[in-house]
Every structure is written in C-alpha cells, then in structure tokens.
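Please walk me through this structure in running paragraphs.

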Amino acid sequence: MDDSAIYEEVISDFMHPDKQLQKQMNVIEELLTTERSYAGLLQVCGTDIRQHLESKQLGLDLDGLFLNTEEVQRLASELVTQLEAVSGKPDQILLISNVFLTYKPQLEETYKEYCVNYPNTILLESIYKKDEKIRTEISETLKTFEHLIGTCQTRELSFFLVKPVQRIGKYPLLLKSLLESTPTSDEGYMALEKATRAMEEINHNINEYKRRKEVASKYGKMETLSIRDKLNRINKHSIAKKASRLSRVIKHETGILPKVEDKDYNDLVETFNMLEKCVAALKESTANYITNLEHFHSLRPYRGPFELVKEHHTLCYQEFVNSLHQQTIPGFKERLQTMVHKPLCLLQTLFARPQQLMRKHYDKMLDYEKIQEKLREESSVSYEEKAESQTYQAIHSLLLTELPRFNTIVIQLLTQILQATLAIHRDMASSTLQLTNQHLHQFPLSDAALRGFWQQTEETLQASNTKLSKFIETFDSNKEYLAEEPLSPLAERTLEKLIKKYSPEKIYQLTSNVSGSRNMELSLHRGDFVALLQARDTKQNKNRWLMDTGGQRGYVPAGKLRPYQTPTQPNSFLSATCSAPGDVDQRIRSRSCSFLEPPVLPLIPATQYQVFAAYEFIARGPNEVTLQQGQMVTVLEAHDKRGTNDWWLVKVNGRQGYAPSNHLVTRPVTGAGNPVGYNFHSQRPSI
C-alpha cells in the first residue's frame with residue numbers, strides 16, 4: 001500500500017461521524033478534567049499554602065509571591081461551574097463557545113496582571129530559596145498539603161506559580177482541537193471559531209502588554225548619571241539623533257511641518273499635568289501651614305507674665321491656653337503631618353516615572369514621524385528604524401492604557417487626602433469647642449446676655465484703644481531721645497570708618513530693617529550707618545539710592561534713610577559713661593559741630609559698657625548658647641563665620657557659642673554694674 005492510500009484511509013477514519021464525535025467528547029472531557037485539577041491546585045496554592053506560610057511569620061512578601069492567585073482561582077472555579085453546567089447537552093458546542101466568549105474580558109484582565117508580574121515572582125522565589133530556613137519551611141508546607149496535591153510530588157513552589165501562565169496558553173489549543181473534531185454543519189461551529197480566535201487574541205494581547213511594560217521599564221527608569229557618564233554617552237549617533245529631533249521641533253514651532261495631534265493622548269496628558277500641579281501646590285500649602293502652626297505654637301502665650309496680674313479670670317485664661325497649646329494643637333499638627341503631608345509627599349513621587357516616560361514618548365514620536373516620512377518617500381526602512389517605530393507604538397499604546405488608570409487613582413487618593421484634611425479640622429474644631437465649654441463658666445460675662453456681652457466687649461476695646469493712643473503719644477514725644485541712645489562698639493567703628501572716607505553730609509542711618517530681594521539690593525538692620533554714593537539708581541529712580549556700608553555697595557530705599565544727626569544736648573547715657581564733664585563736652589562738641597574739620601570719635605572704654613540678653617533664647621544646636629533675659633554676656637566676635645552680623649560669638653557662664661544679635665543689647669552701666677535705662681522685666685526701654 002502506497003503513502004497516498006494510507007493517507008486517504010486515515011482521513012476517512014477521522015471523518016467518520018462516530019470517531020469524530022468520540023474525539024469531540026474526549027476533548028471536552030480533557031477540558032473539564034484539566035480545568036477541575038487546575039482550579040484545585042490554585043485553591044491549595046492561593047489559600048491553604050499561603051495561609052500556612054503567613055502563620056509561620058517568616059517575613060515573606062506574600063502579595064509579591066502569590067500575586068492575584070485568588071482572583072485567578074475564583075475565575076477558574078466559575079469557569080469549571082459554567083462548563084459542567086452545559087456539558088452533555090445537545091448544543092454543548094455552542095454553549096461551551098459562549099462561555100469562553102462571555103468570560104473573555106475577565107480572562108484577559110486577570111491573566112494579564114498575573115503574567116506581566118510573573119517574572120518578578122520567580123525572582124522573589126529564587127531569593128527565598130537561598131535562605132535555608134525559608135526554603136525548609138516552604139518544603140515542609142508543601143509536604144503538609146501533599147494529600148491535597150495528589151500525584152504531584154513536587155517540593156518547589158514554582159510548580160504552582162507557573163500554572164496560570166501555562167493554563168492561559170492551553171485554552172486556544174484545546175478549543176482548536178475541539179474545532180477540528182466538530183463538523184462544519186454543527187450549529188455551534190461558528191461560535192467555536194470565534195471563541196478560539198478570542199483565546200488566541202487574549203494570548204496575543206498579554207504578550208503585547210508584556211512587551212510594552214518591558215519598554216516602559218527600560219525608558220521609565222530614573223537614572224542618576226554623573227557628568228562623566230553623560231559625556232561617555234555622547235557619540236556621533238546620539239548627536240545626529242538629537243540634531244534631527246531639534247530640527248523637527250523647530251519645523252513644528254515655525255509651522256513648516258504640521259504637528260501630529262492625538263486628542264485622546266493630549267487630553268490625558270493635560271489631566272495628568274493638572275493633577276501634578278494640584279498635588280504640588282497642596283503639598284507646598286500644607287508644608288507652609290504646618291510651619292506657621294509650629295511658629296504659632298512656639299509663641300507659648302501660656303508662659304506670659306500672668307504673675308503680674310493676680311486675677312482669677314487671667315489665671316483661668318492661662319489654664320485654657322495652656323491646655324490648648326499642650327494638648328490640642330500638638331495632636332492636630334501630628335495628624336496633619338501623618339494623614340495629609342506625608343501622603344502628599346508620597347503621591348508626588350508617583351508622578352516621576354510617568355513624566356519620564358512621557359518625555360521619552362515625545363522623543364520617540366519625533367523619530368517615528370521622520371521614519372514614517374521616509375517610508376512614504378522610499379517605501380522601505382531599515383530594521384533599526386522599524387524597531388524604533390515599534391518602540392514608539394508600544395510606549396504610545398501603554399500610555400493610552402495606563403494614564404487613565406493612573407489619573408483615576410490619583411484623583412481617588414487626592415479626594416481621600418482632602419476628606420482627611422476636613423476630618424482633621426473638624427475634630428480640631430470639636431476639641432477646641434469642648435475645651436472652651438469646660439472653661440467658659442470661669443470667664444467674665446459667661447452668663448450674660450448676648451447684647452450685654454458685646455457692649456462690655458466694645459467698652460473694653462475702647463479703653464484699650466485709649467491706652468494705646470496715650471502710649472503712642474508718649475513714644476512719639478520721646479522718639480528723638482530713643483534715637484540718641486549711645487552706639488554699640490560695632491556701630492561706632494562703622495561710623496568712624498565711613499566718616500574717614502566720605503564727607504559728613506553723606507552719612508545716613510537706617511530708620512528700619514531692610515531686606516534686599518533683588519540683585520544689588522542690601523539687607524541691613526535698623527540703626528546701621530551707610531554713605532551716599534548716588535541719589536538714584538541706573539533707571540534714574542530717585543526712590544532707590546546707591547549706598548556704601550563700608551565694605552559692600554548696593555541699593556537702599558530712600559524712604560528708610562535719614563541723615564545722621566548727633567545729639568544737641570547731653571543725655572543721661574553720655575553722662576553716665578564719661579569719667580569727667582570735659583569728656584562730655586568734647587563728645588557733644590565733636591558730634592554737634594558742622595563737620596568742617598574731621599571729627600574725633602573716641603570709643604567708649606569697654607569697662608563702661610556691658611552686653612546683656614534682652615530676650616530669652618533657647619539653643620537649637622551645639623554651636624549655639626542659651627540666653628536668659630537680663631543675663632550678661634561677653635562678645636568675642638560681633639559676626640559669624642561668614643562675616644555677617646546676624647549672629648555674634650559670645651561667652652556665657654563659661655560656655656562659648658553663637659547667639660542672635662537682635663537678642664542682645666549694649667547698655668552703659670552704673671557703678672553697681674546694672675544697665676541704665678533698660679527694664680528687662682517689661683521687655684521695653686525705660687522712657
């Protein structure tokens with residue numbers, strides 16, 4: 001018998017209705033049997049083995065190890081139930097096909113997630129294998145469930161983990177075998193063809209998705225390259241590619257070439273950028289809010305001079321404010337940091353990889369446009385250019401798929417953070433109200449009618465306004481006296497230096513602090529001396545003067561300068577520091593003269609001056625010193641290491657360190673060693 005006869009006999013046997021039906025039943029039985037076994041193995045792996053390992057408390061990453069095995073097992077169980085329900089019916093081929101067509105979206109979504117992350121699972125398992133204790137525990141666990149596994153005698157967890165990857169590839173093969181054993185006249189033949197193509201399409205989509213994820217992983221990495229590494233990457237190919245991209249960008253911007261518009265992608269990117277700005281702005285606002293809250297809490301009004309007023313209401317207020325600052329505000333700040341600021345910081349970091357991928361997408365789009373243009377002109381491209389086109393298409397498809405999910409997740413997280421913010425403030429208001437109600441009965445007018453309360457409040461405010469007005473009048477009447485306080489040794493040296501260099505009428509003094517915010521603007525303190533160089537700036541603006549501090553030149557607002565005028569009569573400070581009346585007359589003469597001759601500015605002897613702490617200061621580091629109000633200090637250097645006079649190097653109680661200069665005051669002393677004209681308890685100059 002020749003080969004053709006044998007072939008015809010085999011075909012005739014296969015096409016025999018009884019044999020074809022028998023093969024069809026065998027394929028259906030294999031489909032059901034393998035699906036039951038598969039669902040059972042997933043049940044053991046995803047539930048029993050996982051729970052047993054979790055009870056061991058080995059510190060394993062079980063979510064990364066088992067992935068979404070529970071979802072896969074649930075889907076496999078549902079599929080078994082549906083297939084068993086339709087098996088054996090006259091139109092079982094049609095019903096089986098409809099089952100697979102119905103479950104196509106769920107199968108693709110579930111198995112896509114598992115298959116894409118499967119390499120990471122195998123890598124994690126290989127790491128755990130290197131640990132003797134973990135490897136032993138896993139082996140013992142598998143041995144424990146050997147009676148459920150059946151004939152399988154494996155001691156490797158990878159045997160179970162690979163099952164979903166194998167099973168999704170088995171579906172199109174089983175359906176194809178079922179299709180071959182089904183006559184074309186069967187009513188379910190067309191549906192079976194669709195189901196077979198659907199399973200093949202699922203496998204194709206999963207493989208394509210894996211490739212896109214690999215491309216995204218390659219181009220989405222946040223690399224931190226050194227300058228040398230960046231220089232090593234420069235070659236002829238990279239320079240030519242960047243030059244080509246730059247050329248196309250210029251052509252797009254000038255209108256020589258039309259821009260490729262993808263409305264769906266552009267809308268997604270616009271939403272992404274809007275969310276990124278919202279998260280960044282909310283994070284910055286929250287950080288500033290917490291900073292201001294910390295500053296408010298550092299004021300500690302409950303430590304104020306309440307001992308000066310021994311009134312019951314004042315003590316009640318002190319108790320209320322103390323409770324507010326010691327309990328309510330710290331808890332509020334901690335919740336704000338934990339539930340709002342930290343999540344916002346983490347949320348902001350999630351934008352880095354998509355941003356990097358979108359930048360790569362733009363570069364690859366420019367390359368893709370050039371390749372498509374070449375393809376239209378020459379009808380062919382190189383293998384490398386075809387690979388670049390596929391890379392762009394993979395990145396583009398991935399962004400179109402993942403950006404909507406990313407934006408949705410960010411909106412959900414942002415909504416939860418805002419809801420947490422509202423809840424925190426609501427709890428803060430509730431706690432404050434509860435605390436207020438506890439102390440309300442102790443305050444005056446707590447039982448008064450609303451009209452009487454507001455009337456009393458208005459009278460109190462009017463009385464306070466009257467006191468404030470009198471204080472302002474007293475302060476204004478003594479302003480010149482305050483301005484004529486003796487200068488510190490540093491100010492004396494600066495003034496003497498400027499007078500030697502400039503004519504006296506060019507010497508000016510700052511009336512308030514100046515903080516330079518632009519280029520060539522000086523930052524100075526109230527009372528500092530400067531010399532006039534030019535009464536306008538480069539734009540002929542007469543409100544900004546060019547000044548010299550004796551070492552640095554820059555612009556100062558003219559409205560914060562006044563000519564330096566010496567006292568016209570002796571004051572108590574000078575008389576207290578001079579050893580003889582002649583010294584007083586000499587100092588007054590030297591400061592009140594018309595500066596026709598170089599003035600003589602003798603320095604006050606150091607023994608007649610002492611530096612005191614005007615305010616309390618708590619050291620925040622080992623290089624700083626703590627000051628107590630009224631404490632005498634020894635100035636070692638009237639500047640810090642950078643040469644600025646914001647911090648002075650001082651010595652207090654044998655300890656050396658830096659203290660803020662605005663917390664120190666230089667005053668002449670009496671014979672008893674006490675500073676003249678300064679009341680440390682009231683924290684203001686004596687008038």
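**Salt bridges across the chain**

Glu388 and Lys241 form a salt bridge, with their closest N and O atoms 3.3 Å apart. A salt bridge here is a side-chain nitrogen of Lys or Arg within 4 Å of a carboxyl oxygen of Asp or Glu. Glu388 lies in helix α17 (residues 383-439) and Lys241 in helix α13 (residues 236-254), so this pair ties together parts that are 147 residues apart in sequence. Helices (H or I, at least four residues) and strands (E, at least two) are DSSP runs, numbered from the N terminus.

The model is predicted: local features need pLDDT of at least 70 and side-chain atom pairs count only at pLDDT 80 or more, while totals for chains, interfaces and linings use all residues. Residues are numbered from 1 along each chain as its sequence is written, and side-chain values use heavy atoms, with hydrogens and water left out.

The structure holds 24 salt bridges. One of them joins Arg36 and Glu84, whose closest N and O atoms are 2.5 Å apart. Arg36 is in helix α2 (residues 17-56) and Glu84 in helix α4 (residues 69-86), so distant parts of the chain, 48 residues apart, are linked. Arg36 is partly exposed, at 38% relative accessible area, and Glu84 is also partly exposed, at 37%. For these classes, buried means under 20% relative accessible area, exposed over 50%, and partly exposed in between (1.4 Å probe, protein chains only).

Lys501 forms a salt bridge with Asp548, and here the closest N and O atoms are 3.6 Å apart. This pair links helix α20 (residues 489-501), which holds Lys501, to strand β3 (residues 544-548), which holds Asp548, across 47 residues. Lys501 is exposed, at 52% relative accessibility, whereas Asp548 is buried, at 2%. Elsewhere, salt bridges that share partners join Lys104, Glu108 and Lys112 into one network.

The view can now widen to the whole chain. The protein chain has 22 helices and 12 strands, and 36% of its 687 residues count as buried. Contact means heavy atoms within 4.5 Å. Among contacts in the chain with a separation of 6 or more, 67% are between residues 24 or more positions apart.

Helix α14 (residues 263-298) has 36 residues and reaches 52 Å from its first C-alpha to its last, close to the 52 Å expected at 1.5 Å a residue. That expected span is 1.5 Å times one less than the number of residues. The buried residues of α14 include Tyr265, Leu268, Val269, Phe272 and Leu275.

Next come the nonpolar cores. A nonpolar core is a set of buried Ala, Val, Leu, Ile, Met, Phe, Trp, Tyr and Cys residues joined through side-chain atoms within 4.5 Å. The largest has 57 residues, of which Ile49, Phe66, Phe100, Tyr111, Leu157 and Tyr171 touch the most other members. Its largest share, 12 residues, comes from α2. Leaving out residues up to four places away in sequence, Leu157 touches Ile49, Leu65, Phe66, Glu125, Ile138 and Leu142. Apart from this core lies another, of 37 residues, among them Phe320, Val321, Leu347 and Met428.
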